[in-house]
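Here is a short report on one protein chain.

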Amino acid sequence: MGTFTDHRTEPERTPDGHHFVIDGRRWRATDPTIPDSFRQELVDELMAARRAVKAGEADARGRVQDAKVALGERGHPWWEQRTGSGYDERIAAAIRTLTRRREGSSICPSDVARTVGGDTWRDSMDDVRRIAGSLAAQGDIVVTQKGEPVRIDHVRGPVRISAIH
């Protein structure tokens, strides 16, 4: 009995690796610095959101947008400096996408920082906490410490982020 060989090939990439080319059309590549486990969660949510679009669910297109931005396929280019409003939106999209994916559970701010921050993810922690605070103030998420809702800008130490149900 022979071994299974996957004959699928990777699409052609631009020399800089930022895009892949299919039928002569360029598409932005996923940020290669996203750890595999988080990338898979984002892709799983993207696929669920696409199914929701097909089913006509009201919030589905926003979910697709969030997942694509979190993956680095839309919005602020992942290969550029990680600062500014475009980077803030990627952080917010990652928070929304990961909390949707883990519905009924919570995420750690470091999960988001690892998703968007590459090798220097620790440098993104202050930005993640700031954006989480803004999303919580808008009522989009809840931030907890030891199971109790908190204002992230008023607490020190570990916190968790959850979707509002």
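How many bridges join strand β4 to β5? Two bridges link β4 (residues 141-145) with β5, and the two run antiparallel. Strands (E, at least two residues) and helices (H or I, at least four) are DSSP runs, numbered from the N terminus. Strands count as paired if DSSP finds at least two bridges between them.

This is a predicted model: local features need pLDDT of at least 70, side-chain atom pairs count only at pLDDT 80 or more, and totals for chains, interfaces and linings use all residues. Residues are numbered from 1 along each chain as its sequence is written, and side-chain values use heavy atoms, without hydrogens and water.

**Sheet.** The open sheet has three strands in the order β5-β4-β6, with antiparallel pairing. β5 and β6 stand at the edges with a single partner strand each, so one side of each lacks a neighbour in the sheet. Gln145 stands opposite Glu148 in β5.

**Helix α3.** Buried (under 20% relative accessible area, 1.4 Å probe, protein chains only) residues of α3 include Tyr87, Asp88, Arg90 and Ile91. Their cover includes the elements α1, α2, α4, α5, β4 and β6.

| Element | Residues |
|---|---|
| α1 | residues 36-54 |
| α2 | residues 60-71 |
| α4 | residues 109-117 |

Key. Buried means under 20% relative accessible area, exposed over 50%, partly exposed in between (1.4 Å probe, protein chains only). Contact means heavy atoms within 4.5 Å.
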